[in-house]
Amino acid sequence: MGVIVTKDEDDNRALSRRINADLKEKVERTQKADGEDPDFIADSEYFEQYEKTGRFGWIWFILIILAAASLIFIILL
């Protein structure tokens, strides 16, 4: 029984090494193609439909602050 367990562990190690080598090769190819450090977040399905905030996104923050300030002003008066 000990031989079977040892053999399975060796197979798992070999598989882990092969997977790590494949991932490392993929990252190196991507870095050479892009010239920058990839994070692969833009390729994920979760962010597929999202867009970056426009240059006037800061206006929303000002509007929220003004709304909060007006609520505080109304409550205090």
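Trainee: How many Å does helix 2 reach from its first C-alpha to its last?
Mentor: Helix 2 has 19 residues, and 27 Å is expected at 1.5 Å a residue (1.5 Å times one less than the number of residues). The computed reach is close to that, at 28 Å.

Trainee: What should I know about the model?
Mentor: It is predicted: local features need pLDDT of at least 70, side-chain atom pairs pLDDT 80 or more, while totals for chains, interfaces and linings use all residues. Residues are numbered from 1 along each chain as its sequence is written, and side-chain values use heavy atoms, without hydrogens and water.

Trainee: How many helices and strands are there?
Mentor: Both are DSSP runs, numbered from the N terminus: helices are H or I, at least four residues; strands are E, at least two. The count is two helices and zero strands.

Trainee: Why does helix 2 lie largely in the open?
Mentor: Buried means under 20% relative accessible area, exposed over 50%, partly exposed in between (1.4 Å probe, protein chains only). Helix 2 lies largely in the open because its number of buried residues is zero.

Trainee: Which class does Leu 63 fall in?
Mentor: Leu 63 sits in helix 2, residues 58-76. Its relative accessibility is 45%, so Leu 63 counts as partly exposed.
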